[in-house]
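Thank you for passing this one along; please look through the sequence and the coordinates below before reading my comments.

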Amino acid sequence: MDHETHWRKHHGTADPIAWLDDAAHPNAAGHLHTAEPTLHTLGLGALDSL
């Protein structure tokens, strides 16, 4: 799964501040946006609502 392409699709060239705790580490929203396409790629379905 190419996470950079997924993030750039949503944020373009702007910093994805809403998805990060700092310059390199995703926050809860960033982890969710990383997990969803990963689970889909692996054929494991979507996350249940929290």
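This is a predicted model: local features need pLDDT of at least 70, side-chain atom pairs count only at pLDDT 80 or more; totals for chains, interfaces and linings use all residues.

1. The chain contains two helices and zero strands, and its C-alpha atoms fill a box of roughly 30 × 20 × 15 Å along the principal axes.

2. Of the 50 residues in the chain, 16% count as buried. The chain exposes about 3,900 Å², of which carbon and sulfur atoms supply 59%. Among contacts in the chain with a separation of 6 or more, 26% are accounted for by residues 24 or more positions apart.

3. Helix H2 covers residues 28–41; with 14 residues, H2 reaches 20 Å from its first C-alpha to its last, which is close to the 20 Å expected at 1.5 Å a residue. The N-terminal end of H2 is capped by Asn27, through a side-chain oxygen that lies 3.0 Å from the backbone nitrogen of Ala29. After H2 comes Gly43, whose phi is positive, near 75°.

4. The surroundings of Gly30 deserve a look in the viewer. Leaving aside residues up to four places away in sequence, Gly30 touches Trp7 and Trp19. Trp19 is eleven residues from Gly30 along the chain, and the C-alpha atoms of these two residues are separated by 4.1 Å.

Methods. Residues are numbered from 1 along each chain as its sequence is written. Side-chain values use heavy atoms; hydrogens and water are left out. Helices (H or I, at least four residues) and strands (E, at least two) are DSSP runs, numbered from the N terminus. Buried means under 20% relative accessible area, exposed over 50%, partly exposed in between (1.4 Å probe, protein chains only). Contact means heavy atoms within 4.5 Å. Accessible areas come from the Shrake-Rupley method with a 1.4 Å probe; for residues, only the protein chains shown count as cover. The expected span of a helix is 1.5 Å times one less than its number of residues. A polar contact is a pair of N or O atoms within 3.5 Å; within protein, one must be able to donate a hydrogen and the other to accept it, and residues adjacent in sequence count only if both atoms are side-chain atoms.
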